[in-house]
Amino acid sequence: MFDRKEKGDRAVLVLPHSRGEGDTARRAEEFAELVKSAGAEVRGVVSARVEDPNPRFYIGSGKADEVAEAARALEADVVLVDHVLTPVQERNLEKHLGIRVVDRAGLILDIFAQRARSHEGKLEVELAQLKHLATRLVRGWTHLDAQRGGAIGNRGPGETQLETDRRLIGVRVKMLTKRLEKVQTQRGQQRRSRLRNTVPQVALVGYTNAGKSTLFNALTTGDVYAANLLFATLDPTVRKLEDLSCGPAVLADTVGFIRELPHDLVAAFRATLAEARDADLLLHVSDAADEERDRLHRVVDNVLEEIDAGDVPQLHVMNKIDLAGSEPRIDRDAAGKPVRVWLSAATGVGLDLLRQALGELLGGERVQSALQLPLTAGRLHARLKAAGAISGETVDEHGWQLRIDAPRSVIAPLSGGDPAETLLLRGLLTVVE
């Protein structure tokens, strides 16, 4: 048996790969960036070709011996594996190597534990960590009471006694779930309030480190932390977006996506990602200078599908054109609708084009018109008011004279099936000012 060291920041990386997997150099670079984001020092790298995973170690037994030798020679105190291991494989590797082993999921969870700042974010991280930990209680040492904070894989709930007993973890998970439900209810009320105010909702999404937070700050004069690190920001931030031809909108910055994002983490962060799911428009930010931008774009789309945001309209933003050597421009489809904007959030070049595209897309989905309702249409008037679609009104003996300002998607379903109300709304929706 063995004890954990006080710090776990001297790492040997294990990079499994298989034939035909694609750009292994890119995967290795990304994993090294993850390790850097976790605050660890890379002492060595061991590449392992895996065609038929070893059920005991995932990698072959000979390769496990090679990793053990490298860890001893380089005085490493943690081995980080760029793959999701089963609890048995992780435990067997720890016994064989004599030091801690953290897989890809554990590493990402650790980074999230460092980045979470809001109450909601901390709750979500702890919940995901406890669920991940529940299957890994039995390890290569006598008792997890020896565990101390500060090392990769040990942050967050790893600093408490809760991991020593599955029952206590279950109790903690239930408590965290209830707390999150309360926070999510409050956040949902805030979102509904914004919807009632008929302000269009726009959310930034993209592969981590694509420059979303830099773009967010450039558009909103915000103060979101932006750095050349994976998952530099975690908690969602919402700001008002002004100077659009369609009127003001609300812009939300969300956590960056990455390949093989742990499922428990996606599930736990549904509240955070709800800003994307409930948006009227997604700004899908990509690094224009990245040769693999198309593949990373598909990774983001897959996560959006997982959180039920796959059907939300998107405007693709090609960021960092200053590094790609491209010119600012708007790409349009056959109907003339903006589909892609090329810009540099860092230099500000092309931001005016993005505002123009947003104004076109959001304005086209908004109804701004006068509407006269007879006094007999009281129920429709009440529904329009509850939806926040009325920006001004007067009333006389003939009925209500309303000024309507709302997204088309809000107005369309308000008729309640009544033929007269449907006719009134149909006339409103066909008005072009």
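**Entry 1: α2 against α3**

I looked up where α2 and α3 meet, and found Ala64, Asp65, Val67 and Ala68 of α2 in contact with Leu93, His96 and Leu97 of α3. I sorted the residues of this contact by type: five are nonpolar, one is polar and one is charged. I note that the model is predicted.

Next I checked the geometry. Two packed helices are described by the angle between their axes and the distance between the axes. Here α2 spans residues 61–73 and α3 spans residues 87–97. Their axes come within 10 Å and cross at roughly 50 degrees. I therefore logged α2 as oblique to α3. I also looked up the hand of the α2 and α3 crossing, which is right-handed.

**Entry 2: α5**

I turned to α5, residues 119–134. This helix has 16 residues. From first C-alpha to last I read 22 Å, close to the 22 Å expected at 1.5 Å a residue.

How many residues of α5 are buried? I found 12 of the 16, so α5 is largely enclosed by the rest of the structure. The buried set includes the glutamates Glu120, Glu124 and Glu126. Leu123, Leu127, Leu130 and Leu133 are also among the buried residues of α5.

**Entry 3: Asp290**

I placed Asp290 in the loop between β8 (281–287) and α10 (293–306). Is Asp290 buried or exposed? Its relative accessibility is 14%, so I put Asp290 down as buried. I then listed what Asp290 touches, leaving out residues up to four places away in sequence: Arg26 and Leu296.

Definitions and conventions: Residues numbered from 1 in each chain as written. Predicted model: local features only at pLDDT ≥ 70, side-chain atom pairs only at ≥ 80, totals over all residues. Heavy atoms only, no water. Axes fitted to C-alpha atoms, helices over the stretch in contact; angles between N-to-C directions. Helix = DSSP H or I, 4+ residues; strand = E, 2+ residues; numbered from the N terminus. Parallel < 35°, antiparallel > 145°, perpendicular 65-115°, else oblique. Left-handed = near helix turned anticlockwise from the far one by under 90°. Contact = heavy atoms within 4.5 Å. Nonpolar A, V, L, I, M, F, W, Y, C, P; charged D, E, K, R; others polar. Expected span 1.5 Å × (residues − 1). Buried < 20%, exposed > 50% of the residue type's maximum accessible area, 1.4 Å probe, protein only.
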